[in-house]
Amino acid sequence: MPYVTAGDGAEIFYKDWGTGRPVVLSHGWPLNADSWEAQQLFLASHGFRVIAHDRRGHGRSAQTWHGNEMNTYADDLAALVDTLDLRDATLVGFSTGGGEVARYVGRHGTARVAQLALVSAVPPFMLKTDDNPGGVPVEVFDAIRAGSLADRSQLYRDLADGPFFGNNRPGASVSQGVRDSFWLQGLQAGHRGAYECVAAFSATDFRADLDSFDVPTLVIHGDDDQVVPFEVGGKASAARIKNAALKVYAGAPHGITDTHKEQLGADLLEFLNS
């Protein structure tokens with residue numbers, strides 16, 4: 001299996017499909033590159049080289065004790081981009097991966113980047129603070145951490161069966177297979193890495209990183225996202241990023257990489273070809 005070596009020696013797994021201009025996909029918590037498989041297959045079939053990696057502590061990448069925070073995640077992404085010598089790349093980040101992409105831009109710039117896309121992404125800043133009064137209260141994330149320590153397998157079941165895919169909404173019908181895939185990928189993550197990633201996605205302030213965006217940017221978010229509320233995530237990011245384009249999926253949940261995979265693939269392809 002292909003790996004790149006991060007600055008501290010951690011091995012980062014990646015999947016590299018297709019040929020053409022590069023697209024790099026950064027996944028959400030507690031998932032791995034497999035969560036992007038529908039988009040990776042679709043875009044690679046339409047003339048792009050599509051690369052999806054497992055964040056450290058997740059999937060098939062190294063389960064390091066340290067480095068489970070956004071600066072290191074962004075540096076790992078830079079190691080991938082630099083090692084593969086990617087140029088004119090489009091970086092696409094889903095949920096936590098959107099934070100990883102934003103911090104990459106803040107730390108490494110856009111010399112190798114042609115486009116950026118944030119999908120159901122955690123920027124600009126999820127946590128409710130004095131200067132971010134519209135954010136999500138820390139008690140929500142404390143409950144996720146408590147659930148992880150008590151029974152993380154059940155935590156992932158509850159997230160998949162409920163808010164992640166909107167399966168708790170009247171009339172929702174998310175397949176058992178989709179929900180099982182979330183649970184399985186979650187358990188492939190290391191316990192410490194997944195636990196510490198909760199703070200990484202919730203308490204990292206990406207506002208200054210978004211101010212560094214200087215290439216065409218697409219923001220996609222569902223307006224019934226129960227994990228990263230639209231007002232906190234996509235709406236706020238699109239308002240902050242200069243000249244960002246915003247696509248709102250009416251009634252859509254957080255996990256649109258599965259629930260709206262055809263629409264998402266088409267919108268990403270249109271953006272890539274714009």
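The expected span of a helix is 1.5 Å times one less than its number of residues. In this predicted model, helix α3 (residues 96-108) has 13 residues and extends 18 Å from its first C-alpha to its last, close to the 18 Å expected.

Of the 13 residues of α3, 10 are buried, so the helix is largely enclosed by the rest of the structure. Among these buried residues of α3 are T96, V101, Y104 and V105. After α3 comes G109, which has a positive phi near 75°.

Y104 also belongs to the largest nonpolar core, a set of 80 residues in which W29, L91 and Y104 touch the most other members. Helix α2 (residues 70-83) supplies the largest share of this core, seven residues. In soluble globular proteins, nonpolar side chains tend to be buried together. When neighbours within four places in sequence are set aside, L91 is in contact with V24, L77, V101, Y104, V113, Q115, L116 and A117.

Elsewhere in the chain, strands β7 and β8 pair in the parallel sense over five bridges. One of the residues involved is L218, whose bridge partner in β8 is A245. The chain runs from β7 through helix α8 to β8, and this β-α-β crossover is right-handed.

The elements discussed above are located as follows.

| Element | Residues |
|---|---|
| Helix α2 | residues 70-83 |
| Helix α3 | residues 96-108 |
| Strand β7 | residues 217-222 |
| Helix α8 | residues 234-240 |
| Strand β8 | residues 245-249 |

Terms used:
Residues numbered from 1 in each chain as written. Predicted model: local features only at pLDDT ≥ 70, side-chain atom pairs only at ≥ 80, totals over all residues. Heavy atoms only, no water. Core = buried A, V, L, I, M, F, W, Y, C linked by side-chain atoms within 4.5 Å. Buried < 20%, exposed > 50% of the residue type's maximum accessible area, 1.4 Å probe, protein only. Helix = DSSP H or I, 4+ residues; strand = E, 2+ residues; numbered from the N terminus. Contact = heavy atoms within 4.5 Å. Pairing = 2+ DSSP bridges. Right-handed = clockwise from strand over helix to strand, strands pointing away.
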